[in-house]
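Subject: Structure handover

Hello,

Here is the structure I promised you. My notes follow below it.

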Amino acid sequence: MAAAKPTPTDSLSFCLAQLTAAAGEGLGGTKDTATNETPLGRALLALRTRHIKAAGGIERFRARGGLLPLLALLRRASAAGPAPFLAGPGSSPSSIESAASDGPAPSPGPAPSSASLSTSSPPARLRKTLDLALSILADCCTEGACRAEVRRLGGILSLVTILQCVKTDSIQNRAARALGNLAMEAESCADIHSAGAVPLLIESLTAYQDSHCLQSVIRALRNLADSPQHRLALAQQGAVRPLAELLAAPPDPALTLALVRALLELSRGCSRACAEQLSLGGGLGPLVSLASHPKRTVRESAILILANLCAQGLVRPALGNAGGVEVLLGELQQRRGPSGAGPASQQPLVRAVCLLCREAINRARLRDAGGLELLIGLLRDPHASAWHPRVVAALVGFLYDTGALGRLQALGLVPLLAGQLCGELGDEEEEGKEAASWDFPEERTPERVEAGSFRSLRSWLISEGYAAGPEDISPDRSPERCPRPPPPPAPPEQAQAASPARSPALVRTPRGRSPATEESWGREGPALLLLSRFSQAQDPSGALVTGPALCGLLAYVTRAPGPPSPRALRILARLTCNPACLEAFVCSYGAALLRAWLVLGVAPDDWPTLRARPPSLRSQHRELGEMLLQNLTVQAESPFGVGALTHLLLSGSPEDRVACALTLPFICRKPSLWRRLLLDQGGLRLLLSALTRPAPHPLFLFFAADSLSCLHSLVSPPVSPAPPPATPLDLDPPSPCHYEPLLGPAPIPAPDLHFLLDSGLRLPAQRAASSAASPFFRALLAGSFAEAQMDLVPLRDLSPSAAWPIMHHLHGCRGCGAALRPIPPPGQPLLGSEAEEALEAAGRFLLPGLEEELEEALGRIHLGSQGSLESMGEVLRLGRPRMAVHCARWVLGPGQCTRKRALALVELVEAAGEEAGPLTEAFLAVVMGVEVGSRVPSLDS
């Protein structure tokens, strides 16, 4: 088969020469009798179908200077005769297929054939020239270098002129396509807006019905919406309403896709004009229907448009009536499912659902569709922490919906709100005033409105003749506008006491003054408002008087960067003043927590390592804590409170009985009440028996140490504010020693007896003194035993250090310092030491006075200022009742630091292990003031 004969149009140079000649001389030319085509027509067709389509063809065309004559040709063609081009839609010839640009560009139809050109009249030939030239230009504008050169050569203004003059859908199609390609760059986009192309494109939306033309125009408008300013300009010029009206027309899949993509771009940061036009154009219903479209792009675009529209309050009620609430809620639930999308795709839907909570009608739909569960799930999700402030603010809309509040409380909202008070807050963008609730539309009053009372006064003055007319009375003199006299200055001491910066704990609202003027609405404001609403229930104990809720409120009050909101303080005061919350405060250790956190300054995370706080803040928190505990005391000592506490202590669960016994010293000040409940009915023994069991609260031992100390001060009030410090034993003046004379070289009197130790050491002694000091030695040395006739009596299992205090005691020494010799220094173990051996020997030899002296010396050394908390455990492990009492007295002493007292109790409980009986009896003896060695009465009756 022979190769095709080459033609002149195969040469790019030939085509450019024809284009340049036509641009310089005109659009005419002689026909080629063989083909019935002009050389220009053949050149444009070759450029369109072969040269531009070839690989690198657009770049070669630009490099050879083809854009300049092409734009000149367009200018000459548009100015050649606009009258023939005023034909209506449908009068144009077949359009030429356009090249693909960014995204799915519309197809302009098949190319015109040479046969059709042969029968065209001169106006038709001009249309063909414009069609081909615009198609070439649109293809060239798909590349960045060509777009920059077209902008430099003034091609944008030429295209706008063609849009304005040539009202043919094929020409409009190609001009809009070229503008859409040019608008892909920000500089060109701004120039197109400045050239006035937007009104012409909007006019094309309503003037033409050809789908390809409409798609090109819609795509151009979408590309022109590249910035918030341009989107606002498009909406203000009316670009949204025609798009919405086209969306409600009979469906065309390609046109529908172009419409939703354009509306999605125009609705970003949705302006009021955009929302109004989309609603007036009837686009809400079709968008809701498209949310279930089988094509994913259309479906997701429609959903995002609905989400963007929620930013405007004026359209949200209509959006809810169209079914948008269920659509957005269902989509968000699906995306949060196991196979859902990531957080980035959920963000616009979360924002939309939260904004829908601002209108009552949408809140009802959202509640019925499971929206409350979804919002609570968002608050529980740590990965959604950036949205938590927005979700909490949305829940404020349900503040007076009793049914919704009950459901939210059952879902666990209260502890989540308490955790939000001091949690890390996400950075959420602020919504504008146009996103406000449309339940109360803004009232625009351009003229000043006079108060009703002033109008009545003015009418009366005119009727009575006091004023000639309305102009005689100025509204500025109305009572509502009269300035109030300034309040008298407060004395310096009162001003200092009332300063909120110094006293944020107790807030008093002056009579006649709104609290809103004193309270600042911070990031924690919505959460506090909801908590305050829950606290106003008849019995809020189940929701608010719990460990998590109280910890959240107290953490906010004590750790807020600035003065805490008075609303938080009122919530705490309201709870402590509610009799229905008394049992909850007792059973949840809430009263003990208030005292520990506010009065003593020890939070759960401060134990056992305490964090320092400024003294000024600690004093304010202490004042608040004492006020709250006083409120609980009033409830506890009322007839209702006495009955509730008695029932709880006698008939409650084991855990509640222990909590009641622990809390009573904090909230009961009547001796008859706490004596009956704690001493007569066994509450104290119940508390002590729980010390060695698993702790029901992280601060249980801290609470217990503080409770026992408070009870001890109630039973035995200190005479003086602080007892004088104990004098160390080694600083006491030593008593005279009666045993030292027997140890000299010439003892007077001479010893008549020697004791032989296992080590071989012989210790001199007097038989009569030893027999008189102990019943054991009286039977041994003066009885019928063989030792009574011996001068050298063996003492088995006794070391010299342990025997030293015994010898001194047998010869009448009391306080001579011999008892200190077997006691190791603090920090060394006592079990297995010579001190333990001396105590055991004193008991074996029936020397109770020596036992007491050794125990006293042991307590002064190991429980004094030089001792440590570990030494207390060592002392208790000796297993001696009097030493246990010494430890209990140290723990409950009035001069001890609260934290150190609690740590000591922890050490004692660990040292006691499962054998808690001696420790319990020791604390009972100390609390009840029973003398050491006497029998502690039973408290079980």
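The expected span of a helix is 1.5 Å times one less than its number of residues. Helices here are DSSP runs of H or I with at least four residues, strands are runs of E with at least two, and both are numbered from the N terminus.

First, the ground rules. This is a predicted model, with pLDDT of at least 70 needed for local features and 80 or more for side-chain atom pairs, while totals for chains, interfaces and linings use all residues. Residues are numbered from 1 along each chain as its sequence is written, and side-chain values use heavy atoms, leaving out hydrogens and water.

Overall picture

The protein has 49 helices and 3 strands. Of its 941 residues, 49% are buried (under 20% relative accessible area; exposed is over 50%, partly exposed in between; 1.4 Å probe, protein chains only). Take the contacts (heavy atoms within 4.5 Å) with a separation of 6 or more: 73% are between residues 24 or more positions apart.

H36 covers residues 639–651. Its 13 residues should span 18 Å at 1.5 Å a residue, and the end C-alpha atoms are 18 Å apart, so the two agree. Buried in H36 are Gly641, Ala644, Leu645, Thr646, Leu648 and Leu649.

H36 packs on helix H37 (residues 654–667) at about 140°, with the axes 8 Å apart. Axes are lines fitted to C-alpha atoms, for helices over the stretch in contact, and angles run from 0 to 180 degrees between N-to-C directions. The pair is therefore oblique (roughly parallel is under 35 degrees, roughly antiparallel over 145, roughly perpendicular 65 to 115, oblique the rest). From H36, Leu645, Leu648 and Leu649 meet Asp656, Arg657, Cys660, Ala661, Leu664 and Ile667 of H37. That contact has 7 nonpolar residues, no polar and 2 charged. Nonpolar covers Ala, Val, Leu, Ile, Met, Phe, Trp, Tyr, Cys and Pro; charged covers Asp, Glu, Lys and Arg; the others, Gly among them, are polar.

H21 against H24

Helix H21 (residues 343–356) and helix H24 (residues 388–395) pack at about 20°, axes 8 Å apart. So H21 is roughly parallel to H24. Val350, Arg351 and Cys354 of H21 meet Arg390, Val391 and Ala394 of H24.

A buried glutamate

Glu907 sits in helix H48 (residues 898–912). Its relative accessible area is 15%, so Glu907 is buried. Beyond four places in sequence, Glu907 touches Leu869, Glu870, Gly873 and Arg877.

Best wishes
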